[in-house]
Amino acid sequence: MQDYTLSTDRLAYRVKGLRMAASVLHCGAHPDDEDIGLLSYLSHKYCVRVFYWSATRGEGGQNRVGPYTGEALGIYRTWETLAARSNDGGEALFGPFFDFGYCKRSIDAFSKWGRETMVREMVRAIRQAKPMIVVGRWLGALSDLHGHHQAVGEALYDAFDADAKPDRFPELTSLGLPPWQPAKFYLSTDNTGGDYSAGAALNLFGRLNPELERNGALRINTGEYDPISGMTYQKMAWLAYNNHKTQAHGMAPASGDFYYYFTLHKSHVPVPKRECEFFDGFDPTLAGLAERLPGSGAALKDQLRMVVRAVDEALGALGAADPRAAGFSLMQGLTLLREAIRSERGSDTESMYRQAVLLSLDERCRDFEDVAAQCLGLELEGLSNKSRITPDSRISVQVRLWNHRGAAIDELNFDLDVPTGWHVEKSRAAAALTELMLDCQVTAKPTDAFTCPYWLRSARNGFVYTWPDDATAGRPFSEPELRANCRVTVDGTALTLRRPVVVRQAFPGGYREFPVAVVPPIALQPQLIQEFRPVSQKKQTIEVHVAAINNTEKPIVGNLRLDGPAGWIVQPECIAIALSKLGDSVNGRFEVELPADILEGLYILRCNCRIDDQDFSYTVTPVRMGALGLPGPPTASNCSKEANIIAPAEIKVSVIRTAWASAQSCAYVSGVTDEIRETLRRFGVSFSELSDGDLAHSNLQVHDVIVVGPNAYLLREELRNNAKRLLNYVHSGGTLIVQYQGYGYQNGEFAPFPFRYNQPHDRVTDETAKVTISDPNHPVFRFPNKIAESDFDGWVHDRGMYFFGDWDKRYRSLAKCADSGEEAKGGGLLTCQYGRGHFIYVAYSFFRQLPAGVAGAFRLFANLLALPSARLHERAEFLKQLDLFAACEEEQLIAAARLMTESWYADGTVICQEDDVGTELYLVYNGVVDVIKTDGGLKKIVASLGRGGCAGEMAVIGNVPRTATLVARGDVELLIIRGDQFKDLLKANSLMAISLLEILVKRLTQAKP
């Protein structure tokens, strides 16, 4: 909640601010994009209103302090933004755009948000803030380093010009937002010195930059000392910036000069070539507003100057001990301001800005009332006995006016603003010298309009929130359901005070104030909101648990039901429930039968509870912020902030056609939290979780496949320390699948062969980008599922990130894709043979796709897990074609394939030397090997072995030196088996031994002259 009690220093800022009319609008893409020193500097040095507009609420950002993601994270980051503005003195506005994550260019952002929609919302922000100055955080260029940044930068140029055109966005005018033309438009100028370590173009050092000391550039020094707060403006700024805790921001405040630079892009007022401050060229005080109304400007300006003088008198009288004299001066100024407004409303001034100027003056009247009341010691509060109310229920509200300094009150009236249809019963009033009070009983009407952040009340339109058509749009949150009003007359001047009705509660670690929230009488909470099942010829069952929670203080009796698609059978049909008091809950268990031969697709199960002939089907999901210093996640009893996301109570069931390799042992090394293991569990795929101790000491070879989670190498020291053990696991026959890893992965010997990332790393942000399969015959695309390019349809968020940029020849790139206008990137899915095992690096974002139910991603991931089996069968098929192994049974072929190591040799590499002791048998898997013998001191190619060629059997069997040198002609892949293992195969398979004898006899016969 906003703090309505002001300390002396904050009161001084507010009094100073009453004389100023100029406001500033700063526009960025994300909640933490702001040039934060700008906000603290302007709001405290000049005491002007400074708004920071963020296009998104940062839903796609990281969260280093809790579990919230997506829309819940957007709520949390809105709270963080408000905390930052509380420190830096600014105000917050937001756009309706959902942060879908990183993209590279503005065209990518506009494809989801709409360019015209963004321009309109920026115009809305300009009309709400009515700024004289607009400051764009981004340039609208590739140097902005993010498609969101670039889109905001581009759209703001258009919005600055569009707002002065009444025929542009007339719907905003009909909402009470008339046109307004800012006087000047500045752009933030990069003063990072090229250090982007804390994000894109964040001014970390505030250095004096000679290159920017030029005409058209404005420099401010936020290292100036503020005598009211006792610190520099930049210190205030860093304290504010540290509120972005989810983004892991942490800046140490320090004294000293700190510079920001801004380039003047456009001005509608004359300015010097070299400006000294933002307000050069116009009068930023209240009197300057009159310049917007040429017809009556002179008279209005004189009146407003008298108001400014009254404020100056109040500043002179303001004292820490007793600021009442300042309050009386402000009431004189308020009277003068009201007279000026009446005069202007009675005039015939013609100006397109007249309505906006009057709105601005009306807003300033409310500011005068509020600050004057503070000086006089008048404090209004509205307190409820409950933080939650359900339709058709009652709460008690007490409205008090505290008269702390004993002001002589001539007249007093209380009022309570409630939603339409609510009933207010005033039950008692009391008055004393220092306290005036009104008690009320408030009854909510039957409704389905429950309290939820306004941008989440309706379903999103793609990546743009659906907003209400009222003044709420663009604000951090909507106005509270209940508001206390008090009209009080002091010394002949009427003041109207307004405060939200809240519940004030103490809890371990402090206290909190929550506005009254309307919630459904019963909340339904499925145990799981998403289920997964395979396509099957047989019927399948899902066990569904739904909790019903009583939000009222009276007993509830009803029937709980689960509604499924046509052809699905739900048992039981309904469950009778009886909940006796607030907070009681009951768990309903349903068994859902899916029909046989169900088609792949997304199906919905809907939870419903019927009470008194009315259906309720809502989940109430709380989002909470914990109090600083309290251990554990925030709960209902100890959170400092809370908001509810109210949504339909549904369970999504993704039915997916996929096959899985059987009888595999899989292990998982966790990195960034992901849902892959839990998702695949529904398909019978289980993983053993490898702890730090397991990585160091366990027998890794018991696992057919080990999967390394996203960024695990960066997050887990023991994984880095035992990376060699994982590579040895691969070399001994295991399969290692490594999901995307950050830059640190390339600095250690964590992969079998060299590679590097590009800077910045290759990524593909367009989830619809065409994926080209490089080698359709590779087992990854054939077993056990046939993968086609259509399996990359329907992906969400992106394709992937941290693709390899360059890699050793021994890696094989299996797929390519790229964002529009870029070259295809093949470093997102690579595999290589390492010893007897397989290594796979996969930068494609399976950690997003599998929980989202993307069917093609399931099939491809199943094939990755099946690669050990697929490669064994592939080798067995290869061996079957060779004379040496032709007589072997399938099991024997598989056994032989397991023993073989695959090795890669570059062109010209000597594989073995003539006369060396032979300990290995070679089979040419791919490429050509030249057989070279020495005759009379000359080396001569006597044979060339292609795919299926065999060499070294005589040396291995006879324990004799090799009779020839083997050299790779071009790049070559060989299957290699040790001599002792080969002999064991011969002992176990007499037919194979006979085949070998026949081959040797034939070779000897051919060698005779």
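Lys and Arg count here as positive and Asp and Glu as negative, while His and the chain ends are not counted; each charge is placed at NZ of Lys, CZ of Arg, CG of Asp or CD of Glu. By that count the chain carries 108 positive and 122 negative side chains, and the centres of the two sets lie 1 Å apart.

A word on the model: it is predicted, so local features need pLDDT of at least 70 and side-chain atom pairs pLDDT 80 or more, while totals for chains, interfaces and linings use all residues. Residues are numbered from 1 along each chain as its sequence is written, and side-chain values use heavy atoms, leaving out hydrogens and water.

**Overall build**

The C-alpha trace spans about 130 × 75 × 50 Å along its principal axes. There are 23 helices and 50 strands in the chain, taken as DSSP runs (helices H or I, at least four residues; strands E, at least two) and numbered from the N terminus. Of the 1009 residues, 54% count as buried, meaning under 20% relative accessible area with a 1.4 Å probe and protein chains only; exposed is over 50%, and partly exposed is in between.

**The cores**

A nonpolar core is a set of buried Ala, Val, Leu, Ile, Met, Phe, Trp, Tyr and Cys residues joined through side-chain atoms within 4.5 Å. The largest has 154 residues, and Leu25 is one of those that touch the most other members. Helix α11 (residues 354-376) gives the most to this core, with eleven residues. A second, separate core of 75 residues includes Phe687, Tyr729, Phe839 and Phe847.

**Backbone details**

Most residues other than glycine have a negative phi, and most peptide bonds are trans. What departs from that pattern here? Two cis bonds are listed below.

| Cis peptide bond | Omega |
|---|---|
| Gln571 to Pro572 | near -5 degrees |
| Phe783 to Pro784 | about -5 degrees |

Leu145, although not a glycine, has a positive phi of about 70 degrees, and Ala248 has one of about 60 degrees. Leu145 is partly exposed, at 36% relative accessible area, and Ala248 is too, at 44%.
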